[in-house]
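Here is a short walk through one protein model. Keep the view open and follow each stop in turn.

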Amino acid sequence: MAAVCSVKTTSSFFLALCLTMIMFFTLSCFSADPDPLQDICVADLNSTIRVNGFPCKPESQVTSNDFFFSGLMNAASTENPEGRGVKIADVTTFPGLNTQGLTVARIDLAPGGIVPLHVHPRGSEANFILKGNVYFGFITTTDVLYANVMKPGVLNIIPRGLVHFAANIGPEKAVIIAVLNSQLPGFANIPTNLFNSTPGIPDFILAKNFRVDEKIINIIKAKFALNGSLVTGTWKDI
């Protein structure tokens, strides 16, 4: 009996060990950036060294100002074809975020303004509505759309790497606070990627994908080339 109990105990131990390891690796995937190895690592933006991020500024040069940021207090202009203005606190504007796995943005949308179809390849996103009525949605890899109208005080989550968008459907300006779990989550603007890349995607490929004539592709490309940068205070390499 002792031997039987010993075998069961050993089997249970290995089962628990396997489950623990599975949970560990699953939880590790929740963070888009690596865990920090020290309390603080204020980014040295003047360094030419880049190893998947920024090196730390010497701690003797760190001040309280490195951990406070007022750049989201005022709105960016929405006077552009998208009706969208963005102010960003990422590691390039707020060095205290270095190694902390966070980016925060303020998004202002004029009535009818949109956040275009895009993805963040390196981070998940949570959005909190401060003002206005915003139609938010994201699309899974199985082509399922999850969308809803968000009012002030409502929070949503956009899983990492999925196509998503937003539109101000109210009569006044909308304000959104977006938080992403990466210091540089990336912003791939799908319409711009498709119709204003450098070098450009050949017209016949776009025409085949969208099942339209190449003349229509030329018209769309011309509009993007004419507008240039569509948004004030746009996301850079985040």
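**Charges, helices, sheet and rings**

Five salt bridges turn up in a search of the whole structure. The model is a predicted one. Start with K57 and D66. Their side chains meet in a salt bridge, with 3.2 Å from N to O. K57 counts as partly exposed, because its relative accessibility is 21%. D66 counts as buried, because its relative accessibility is 11% and the cut-off for buried is under 20%.

Next come E82 and R84. A salt bridge joins their side chains at 2.8 Å, N to O. Both of these residues are buried.

Now find D203 and K221. Their side chains form a salt bridge too, at 2.7 Å from N to O. This pair links distant parts of the chain. D203 sits in helix α3, K221 sits in helix α4 (residues 214–227), and the two are 18 residues apart. Both D203 and K221 are buried. Elsewhere, R106, D108 and K173 belong to one network, joined by salt bridges that share partners.

Stay with helix α3. It covers residues 203–210, and D203, L206 and A207 are buried there. Why do the buried residues of α3 line one face of the helix? Seen down the axis of α3, they fall within an arc of 100°, so they line one face. An α-helix has 3.6 residues a turn, so residues three or four places apart point the same way. On the other side of α3, K208 and N209 are exposed. R211 follows the helix, and its phi is positive, near 60°.

Turn to the strands. Five of them make an open sheet in the order β6-β5-β8-β3-β10, and the pairing is antiparallel. The edge strands are β6 (145–150) and β10 (188–189), each of which pairs on one side only. Look inside the sheet at β5 (residues 134–139) and β8 (residues 163–168). These two strands pair in the antiparallel sense over six bridges. I139 stands opposite V163 in β8. In general, strands of a sheet pair through backbone hydrogen bonds, either parallel or antiparallel.

Move to the surface. I40, F67 and F68 form a nonpolar patch there, and together they have about 290 Å² of accessible area. I40 lies in the loop between α1 (2–28) and β1 (84–89). I40 counts as partly exposed, because its relative accessibility is 31%.

In one of them, the rings of F69 and F94 have their centres 5.2 Å apart and their planes at 20°, so the pair is stacked. This pair links distant parts of the chain. F69 is in the loop between α1 and β1, F94 is in the loop between β1 and β2 (103–109), and 25 residues separate them. F69 is partly exposed, with a relative accessible area of 32%. F94 is buried, with a relative accessible area of 14%.

F195 and F224 form a stacked aromatic pair as well, at 5.8 Å centre to centre with 25° between the planes. Distant parts of the chain are linked here too: F195 is in helix α2 (residues 190–195), F224 is in helix α4, and they are 29 residues apart. F195 is buried, with a relative accessible area of 11%. F224 is buried at 15%. F195, F210 and F224 form one aromatic cluster.

Definitions and conventions:
Residues are numbered from 1 along each chain as its sequence is written. This is a predicted model: local features need pLDDT of at least 70, side-chain atom pairs count only at pLDDT 80 or more; totals for chains, interfaces and linings use all residues. Side-chain values use heavy atoms; hydrogens and water are left out. Buried means under 20% relative accessible area, exposed over 50%, partly exposed in between (1.4 Å probe, protein chains only). Helices (H or I, at least four residues) and strands (E, at least two) are DSSP runs, numbered from the N terminus. The arc is that of the directions from the helix axis to the C-beta atoms. A salt bridge is a side-chain nitrogen of Lys or Arg within 4 Å of a carboxyl oxygen of Asp or Glu. Two strands pair if DSSP finds at least two bridges between them. Patches are made of residues with over 30% relative accessible area and no salt bridge: like charges are joined within 9 Å, nonpolar side chains (Val, Leu, Ile, Met, Phe, Trp, Tyr) within 5 Å. Accessible areas come from the Shrake-Rupley method with a 1.4 Å probe; for residues, only the protein chains shown count as cover. Rings of Phe, Tyr and Trp (its six-membered ring) pair if their centres lie within 6.5 Å; planes under 30 degrees apart count as stacked, over 60 as edge-to-face and the rest as tilted.
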